[in-house]
Every structure is written in structure tokens, then in C-alpha cells.
Amino acid sequence: MSDPKKEWPLWEVFVRAKGGLSHRHVGSVHAADAKMAIEHARDTYTRRMEGVSLWVAPSAEITASDPGEAAALFEPAEDKIYRHPTFYTIPASVKHI
Amino acid sequence: MTQMPPLAVYAQRLGDDALILGQRLSEWCGHAPALEVDLSLANLALDLIGQATHFLGLAGAVEGKGRDADALAFGRDAMDFSNCLLVEQPNGDFAQTVARQFLFAHYQELLLTGLATSKHERMAAIAAKSVKEVAYHCKLASDWLVRLGDGTEESRARMIAGLDWMWRFVDELFLMDDIDRDCLRLGFGVDKAALRRPWDQRVEAVLSEAMLQAPAVRRGVAGGREGHHSEHLGHLLSEMQFLQRAYPGASW
């Protein structure tokens, strides 16, 4: 750290609750590097048996969609209910769908 | 204390080490350099206090006079505590705390690994559970030692000073007395003297990664196992035991 007064960068934390589930975003921690971020994530977010695996990613590396474009990005999907696969009849013999 | 069976004394020493270090670490709560580090230290403290509960519970059960872990933790005076001197040393700055944790955690991991195969079933079970916690303590303390040692000029100077303060209490960890020899002969305990070489190797490896050297060898200080403590322990106990002293038997 060149400037000692500067805070550690922020890292986003993702926890896999158990094998087979996806990693889920749970929050963030400050840390000087990835190794420290994993330790801080472990100590902050898995102390009550919340997880079996951790991911951390620098918050600055995440690109978010522009809230100003929300209408253009998301509203067109609102009237296209046929995109949900609910218009098909499923044969009774098919179990796992 | 001397009337207790050797195994009870042995378990009590293990419990006292964990209890006093846990209490020391908990003094950081709300004062650590960053919120995340605050949680790290509190987690270590809670692990250690949990271990203390088990080991002191075992000591009380073996003694067989109806004293439980709480009675042993809160009802004894400084001279009846048998923890090593290292764990009662003051926190100092963060580097001094890291130095203490680093030296103790590597000793404790070797010790508990040995105790996990103890012929005493309950001892082995406690050790097997605790050694996983302590493996993480080793990793965390080693990481911080490298960060501070190989960090800025200031962090390096503080890390050197911290190690310098703690180093004289290392020899005591590996001393063997009659209690240790009795428990070793019965297959309950561990040959602590034999842990010194692997401990030196582990510590040396991390120190060199941190671009640090072990402080110059000087005469070690001992006496904690026999109740000869530094002045620091009394202050620690007066805070830790206040509630049970003022309101005996209080519970909530």
C-alpha cells in the first residue's frame, strides 16, 4: 500500500452453501489482496456454517447495467409471456421436468 | 493443585493456555485495525475459549471433586493457573499480538496433532476437534507475519519488536516435567520436547518468507506451569473473573 491512509479495496463475496448449489452473493469485505479477502470472507460470512466454498472478486471488476437504461433493457420482456415454457402439454409419463 | 491426579493437571494446563489466550484476544474486540480483522481475532478467541471449556471440563471430571470448567476458570487465583507465560503476555500492538499467536499456534497444532492419538479417549476427541481450528490459526497468523514482516518499513519494525518481546517465552512451551512424563508414560500425553525441532522448522520457514530472522537466543523465562506468573495475569483475571467474584454462581 503506497498510501497508508488509503483503505483496503473492496471485494465481493460469494458463498456456496452446499455441494451442488451455485455460489450466491452475500456481501463484501475490505482486503489488501485476494488471499486476505478469502480469509476475511471466511471469518465474516461462514462463521455460522453458511458455506462449503468461497469466491471473492474485486468489486471494481464488476460491470453493472446502467439503471438509466432499465426501461430499454428489461421492460420489453414484460409482455412476452410466451417465452415461459408454460404453453406446452407435458406427457404424463415425463417425470423430471 | 498438586493434589490433582497428573492427568487432571495435564488437561488443566491445556485448558489454561487456551483460556488465557482466548481472553487476551477478546480484548481486541472493537479495537482491531479493521472490522474484518476484529472478526478474525474474535473468531480465534472463541475457538480457544471453546477448547478451554472442553479441556477444563476434562480436568474437573478427572479430579472428581465436582468442579466444572466454570469453577476452574472463574474460581482460581493467579497462582493456581498453570498456563504458559507466552499466552498471558499483553497484546501490545497488532504485530505483537500476531507474534504471540504465530509462536503459540504452531506449537499448539503440533501438540494437538499428537494428542489426537492419545490413549485417553476424551482427550483424543477434544484434540482432534481442536486441531482443525488451530490449523486455521496457524495459517492466519503466518499470513499476517509475512505481510507485516515483508511489508512497509514501519510494519517490519513492529513485527521485529513483537517477535523480540515474545521470543523469550518459547522455551517454556517444550519443557517436560513430572506431570508430562507421567502422562507420556501412560500414553495420554505427548513428548513436548520432541516437538521443538519440527516447530523450529515450521517457524523458520515462515520467518524466511517474511524476510525476518529469529531473535537472538537468550535465556528463556519459565514458571507458568507451577503458577509463577508475570504481573499481567492478575490484571487479566481481575477482569475475566469479576462477575463470578462479585456475584458467585450468577447465571443468565
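Residues are numbered from 1 along each chain as its sequence is written, while chains are lettered from A and ligands numbered from 1 in the order in which they are written. Because the model is predicted, local features need pLDDT of at least 70 and side-chain atom pairs count only at pLDDT 80 or more, whereas totals for chains, interfaces and linings use all residues.

**View 1. The fold of chain B.** The secondary structure of chain B consists of 12 helices and 0 strands, where helices (H or I, at least four residues) and strands (E, at least two) are DSSP runs numbered from the N terminus. The radius of gyration, taken over C-alpha atoms, is 18 Å for chain B, close to the 18 Å that the globule rule (2.2 Å times the number of residues to the power 0.38) gives for 252 residues, so chain B is as compact as a globular protein of that length. Along the principal axes, the C-alpha atoms of chain B fill a box of roughly 55 × 40 × 30 Å. Of the 252 residues in chain B, 43% are buried; a residue is buried if 20 or more other C-beta atoms, placed from the backbone, lie within 10 Å of its own, exposed if 12 or fewer, and partly exposed in between.

**View 2. The packing of helices H5 and H6 in chain B.** Helix H5 (residues 94-115) of chain B packs against H6(B) at an angle of about 150°, with the axes 7 Å apart; axes are lines fitted to C-alpha atoms, for helices over the stretch in contact, and angles run from 0 to 180 degrees between N-to-C directions. The residues of the contact of H5(B) with H6(B) comprise 17 nonpolar, 7 polar and 1 charged, with Ala, Val, Leu, Ile, Met, Phe, Trp, Tyr, Cys and Pro counted as nonpolar, Asp, Glu, Lys and Arg as charged, and the others, Gly among them, as polar.

**View 3. The side of chain B that touches chain A.** In this interface, 7 residues of chain B are in contact with 10 residues of chain A, two residues being in contact if their C-beta atoms, placed from the backbone, lie within 7 Å. Helix H2 (35-63) and helix H6 (121-149) of chain B each supply at least two residues of this side, and the largest share, 4 residues, comes from H2(B). By class, the side of chain B that touches chain A has 3 nonpolar, 2 polar and 2 charged residues.

**View 4. The sheet of chain A.** In chain A, 3 strands form an open antiparallel sheet in the order S2-S1-S3, with two strands taken to pair if DSSP finds at least two bridges between them. Strand S2 (23-30) and strand S3 (53-58) of chain A stand at the edges, each with a single partner strand, so one side of each is left without a neighbour in the sheet. Strand S1 (residues 10-16) of chain A is joined to S3(A) by 6 bridges, and A:Phe14 has A:Trp55 as its bridge partner in S3(A). Helix H1 (residues 34-45) of chain A packs on the sheet, touching S1, S2 and S3 of chain A.

**View 5. Two methionines with positive phi.** A:Met49, in the loop between H1 and S3 of chain A, has a phi near 60° and counts as exposed, with 8 C-beta neighbours inside 10 Å. B:Met211 lies in the loop between helix H10 (196-209) and helix H11 (231-240) of chain B, has a positive phi of about 60°, and is exposed, with 12 other C-beta atoms within 10 Å.
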